[in-house]
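Subject: Structure handover

Hello,

Here is the structure for your files. My notes on it follow below.

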Amino acid sequence: MIIVAGTIEMDPEKVTTFSELAQRTMAATEAEDGCVSYAFAVKLGAPGTIVVAEMWESEEALTSHFGQPHMAEFIGAMGEFGITATSINKYNADEGEKLM
């Protein structure tokens, strides 16, 4: 299992427009082979902070994801949102256990 997690800092006034693109990207990504979960969320109390949370069955599935047309659209549009910082990391998670 591959976990991708992090944040994107952007102009809070652009979050609504970003959310429209993110919803289309999420729907297309969740239909990809190997996608377990894919989500963006606005951090409570920090309206310009987007939380990124993804889970992939394998490294190959994640690599394939980056080659999809909807990702080219998503990455191409990122300059429109006044992004000031990103911190997104990839983790290998061979083991896990339910917390709740």
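The four strands form an open sheet in the order β2-β3-β1-β4, with antiparallel pairing. Strands here are DSSP runs of E of at least two residues and helices are runs of H or I of at least four, both numbered from the N terminus; two strands pair if DSSP finds at least two bridges between them. At the edges stand β2 (35-42) and β4 (85-92), each with a single partner strand, so one side of each has no neighbour in the sheet. On average, neighbouring strands are turned by 10° against each other, direction ignored. Axes are lines fitted to C-alpha atoms, for helices over the stretch in contact, and angles run from 0 to 180 degrees between N-to-C directions.

This is a predicted model, in which local features need pLDDT of at least 70 and side-chain atom pairs count only at pLDDT 80 or more, while totals for chains, interfaces and linings use all residues. Residues are numbered from 1 along each chain as its sequence is written, and side-chain values use heavy atoms, with hydrogens and water left out.

Strands β1 (residues 2-9) and β3 (residues 49-56) pair in the antiparallel sense over eight bridges. V4 has E54 in β3 as its bridge partner. Helix α2 (residues 59-66) packs on the sheet and touches β1, β2, β3 and β4; its direction makes about 130° with that of β3. Contact means heavy atoms within 4.5 Å.

T49 lies in β3 and is buried, with a relative accessible area of 8%. Buried means under 20% relative accessible area, exposed over 50%, and partly exposed in between (1.4 Å probe, protein chains only). Neighbours within four places in sequence aside, T49 is in contact with T7, I8, E9, A41, V42 and K43.

In helix α3, the buried residues are H70, M71, F74 and A77. Seen down the axis of α3, they fall within an arc of 135°, so they line one face of the helix; the arc is that of the directions from the helix axis to the C-beta atoms. These buried residues pack against α1 (15-30), β2 and α2. The face turned away from them carries the exposed residues P69, A72, I75 and G76.

H70, in α3 (residues 69-77), has a relative accessible area of 14%. Its side chain makes a polar contact with the side chain of T29 (3.3 Å). A polar contact is a pair of N or O atoms within 3.5 Å; within protein, one must be able to donate a hydrogen and the other to accept it, and residues adjacent in sequence count only if both atoms are side-chain atoms. Leaving out neighbours within four places in sequence, H70 is in contact with T25, A28, T29, E32 and H65.

Regards
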